[in-house]
Amino acid sequence: MNVENEKCVIVVDENLPLGIIANTAAILGITMGMKMPDVVGNDVLDLEGNPHMGIIQFPVPILKGNKEILKNLRTKLFEPKFAELTVVDFSDLAQGCKTYDEFIGKMANTSEVKLNYIGIAICGNKKQINKLTGNMPLLR
């Protein structure tokens with residue numbers, strides 16, 4: 001993988017409480033890291049020789065979204081032209097579950113049109129991601 005042509009962004013509903021925003025970004029990042037382990041660099045040593053685990057080799061901006069923006073973005077990401085992108089979504093349904101089994105059961109009985117996304121992470125081709133998210137401001 002050529003990391004110079006890759007990009008990863010996280011879009012989060014800016015209207016959520018700060019703790020939910022942080023939790024959403026963490027969950028999306030952990031899942032994306034599992035799906036794309038080759039973007040994480042090698043472990044490094046500091047001056048004293050202490051080890052530090054490798055981190056992703058390029059920035060991951062956190063962008064502002066809202067329910068409508070996230071829903072529209074997720075709908076676009078289902079299109080075949082974006083099939084090469086790695087997409088992780090996180091919904092209020094998932095956020096409200098206490099166990100993964102509960103999440104599995106609720107998702108199996110919920111239509112996608114009824115999902116309210118609170119965050120989406122996208123990794124892949126930089127040009128495609130810029131087309132989708134290039135006009136979105138940073139979450140600050």
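## Basis of the model

Helices (H or I, at least four residues) and strands (E, at least two) are DSSP runs, numbered from the N terminus. The structure is a predicted model, in which local features need pLDDT of at least 70, side-chain atom pairs count only at pLDDT 80 or more, and totals for chains, interfaces and linings use all residues. Residues are numbered from 1 along each chain as its sequence is written, and side-chain values use heavy atoms, with hydrogens and water left out.

## Overall fold and dimensions

The protein chain contains five helices and six strands. Read from the N terminus, their order is β-α-β-β-β-α-β-α-α-β-α. The C-alpha trace spans about 50 × 35 × 30 Å along its principal axes.

The radius of gyration is taken over C-alpha atoms, and the globule rule is 2.2 Å times the number of residues to the power 0.38. For 140 residues a compact globule would have a radius of gyration near 14 Å, and the 16 Å of the protein chain agrees with this. Contact means heavy atoms within 4.5 Å. Among contacts between residues at least 6 apart in sequence, 78% join residues at least 24 apart.

## Surface and charge

Accessible areas come from the Shrake-Rupley method with a 1.4 Å probe, and for residues only the protein chains shown count as cover. The protein chain exposes about 8,900 Å², of which carbon and sulfur atoms supply 56%. A residue is buried under 20% relative accessible area, exposed over 50%, and partly exposed in between (1.4 Å probe, protein chains only). On this scale, 32% of the 140 residues count as buried.

For charges, Lys and Arg count as positive and Asp and Glu as negative, while His and the chain ends are not counted. The place of a charge is NZ of Lys, CZ of Arg, CG of Asp or CD of Glu. The 15 positive and 16 negative charges have mean positions 9 Å apart.

## Strand E1 and its partners

Strand E1 covers residues 6–13, and seven of its eight residues are buried. Two strands pair if DSSP finds at least two bridges between them. With strand E6 (residues 117–125), E1 pairs in the antiparallel sense over seven bridges. Within this pairing, Ile10 stands opposite Ala121 of E6.

E1 also runs parallel to strand E4 (residues 62–65), to which four bridges join it. Here Val11 stands opposite Leu63, and Val12 has Lys64 as its bridge partner. In a regular strand the side chains alternate between the two faces of the sheet. E4 has Leu63 and Gly65 on a covered face, and Ile62 and Lys64 on an uncovered one.

Asn23 belongs to helix H1 (residues 18–35). Its relative accessibility is 34%, so Asn23 counts as partly exposed. Asn23 and Gly49 are 26 residues apart in sequence, and their C-alpha atoms are 32 Å apart in space.

Gln95 lies in helix H3 (residues 92–95). Gln95 is partly exposed because its relative accessible area is 33%. Between the C-alpha atoms of Gln95 and Thr24 the separation is 8.2 Å, although these residues are 71 residues apart along the chain. With neighbours within four places in sequence left aside, Gln95 is in contact with Ile20, Phe90 and Ile118.

## Residues in helix H4

Glu102 is placed in helix H4. The relative accessible area of Glu102 is 26%, so this residue is partly exposed. Not counting residues up to four places away in sequence, Glu102 touches Gly96 and Cys97.

Ala108 also lies in H4, which comprises residues 100–108. At a relative accessible area of 64%, Ala108 is exposed.
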